[in-house]
Amino acid sequence: MADAVVAVVAEMQRRLDALPADQEQLGDFLGTYLRTTLAVGKAVDGGLFEDAEWVARWDVAFAELYVDALDAHLSGGTPSRPWRLAFDAPAALPALRRVLLGINAHVNYDLPQALLAVISDHDFGDPALMARRRRDHERIDGVLANRVAAEDDELAARSARSLLDRVLQPLNRVASRRFLREARLKVWHNTEELQRARAAGPTAYDERLGELEVLSAARVADLLAPGQVLLRLAVAGFGVTLPPAR
């Protein structure tokens, strides 16, 4: 596994071990994300991707956005609004809901930024290169899909589930795979929108990133609404979509 991936996993583990007692609920998402990052690192080692070095750099850039947001929260700072809503969610919230709040902030808001961190404006002008980048982006879906059952079992061990939840478990796992893929497809669109704004200058980029922050924060209401949240997301969608620039 790339040294940089090993290092960022170690940083996440250190933070997981050191969570204050009144912040232990943040371990639901942190533990899930730590295990997912390890799975991506193993997929890199296993030759899943066309450009393993690029995927490793992207994986690290992505993880660092989360670590920075977590550190800001724990030190009394001000992370982005999607992360503030995730970190400040009630401790009594079921583990699944807390993980979904983290996925919303990290995938819908952070992931386009992580992609831009490792794809230059010049790269966007190379169709063959961008096709490889997109294929590797889509290959992550397979890694995530393979983690759904294991992570569902982890969450089941952390939160009591009703009889209905247990009966719906197979459907919920299918729903999770579906909405994760749907969200990542929208991430690629949002990355392209942000890149066009970046090319236009810092002001244009900040405005578009602000739009993405608002859209991602608004998604929280859906994640906290009563009912079978995974099935609802499979139908209505999890991702957010930046509209065309004005």
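A crossing of two helices is called right-handed if the near helix is turned clockwise from the far one by less than a right angle, and left-handed if it is turned anticlockwise. In this predicted model, the crossing of H2 and H5 is right-handed.

The protein chain contains 12 helices and 0 strands. Read from the N terminus, its elements run α-α-α-α-α-α-α-α-α-α-α-α. Of the 246 residues in the chain, 50% are buried. Contacts can also be sorted by how far apart the partners are in sequence. Among contacts between residues at least 6 apart in sequence, 76% join residues at least 24 apart.

Start with the pair H1 and H2. Helix H1 covers residues 3-17 and helix H2 covers residues 27-45; their axes come within 10 Å and cross at roughly 160°. Angles over 145 degrees count as roughly antiparallel, so H1 is roughly antiparallel to H2. The crossing of H1 and H2 is left-handed. On the H1 side, the contact is made by Val5, Val8, Val9, Met12, Gln13, Arg15 and Leu16. On the H2 side, the residues are Gly27, Leu30, Gly31, Tyr33, Leu34, Thr37, Leu38 and Gly41. Sorted by class, the contact of H1 with H2 has 9 nonpolar, 5 polar and 1 charged residues.

Now return to H2 and H5. Helix H5 spans residues 95-117, and it packs against H2 at an angle of about 60°, with the axes 8 Å apart. H2 and H5 are therefore oblique to each other. H2 contributes Asp28, Phe29, Thr32 and Tyr33 to the contact, while H5 contributes Ala95, Arg98, Val99, Gly102, Ile103 and His106. By class, this contact of H2 with H5 has 5 nonpolar, 3 polar and 2 charged residues.

In soluble globular proteins, nonpolar side chains tend to be buried together. In this model, the largest nonpolar core has 68 residues. Met12, Trp58 and Tyr66 are the residues with the most contacts inside it. Helix H3, residues 52-74, gives the most to this core, with 12 residues. Setting aside residues up to four places away in sequence, methionine 12 touches Leu30, Tyr33, Leu34, Thr37, Ala63, Tyr66 and Val67.

Leucine 70 is found in helix H3. Is leucine 70 buried or exposed? Its relative accessible area is 0%, so leucine 70 is buried. Apart from neighbours within four places in sequence, leucine 70 is in contact with Arg15, Leu26, Leu30 and Phe87. Leucine 70 and phenylalanine 87 are 17 residues apart in sequence, and their C-alpha atoms are 8.1 Å apart in space.

Proline 82 lies in helix H4, which covers residues 81-87. Because its relative accessibility is 0%, proline 82 counts as buried. Which residues does proline 82 touch, not counting those up to four places away in sequence? They are Asn104, Ala105, Tyr109, Glu213, Ser216 and Ala217. The C-alpha atoms of proline 82 and glycine 102 are separated by 8.3 Å, although the two residues are 20 residues apart along the chain. Gly102 also belongs to the H5 side of the contact with H2.

Definitions and conventions:
Residues are numbered from 1 along each chain as its sequence is written. This is a predicted model: local features need pLDDT of at least 70, side-chain atom pairs count only at pLDDT 80 or more; totals for chains, interfaces and linings use all residues. Side-chain values use heavy atoms; hydrogens and water are left out. Axes are lines fitted to C-alpha atoms, for helices over the stretch in contact, and angles run from 0 to 180 degrees between N-to-C directions. Helices (H or I, at least four residues) and strands (E, at least two) are DSSP runs, numbered from the N terminus. Angles under 35 degrees count as roughly parallel, over 145 as roughly antiparallel, 65 to 115 as roughly perpendicular and the rest as oblique. Contact means heavy atoms within 4.5 Å. Ala, Val, Leu, Ile, Met, Phe, Trp, Tyr, Cys and Pro count as nonpolar, Asp, Glu, Lys and Arg as charged, and the others, Gly among them, as polar. A nonpolar core is a set of buried Ala, Val, Leu, Ile, Met, Phe, Trp, Tyr and Cys residues joined through side-chain atoms within 4.5 Å. Buried means under 20% relative accessible area, exposed over 50%, partly exposed in between (1.4 Å probe, protein chains only).
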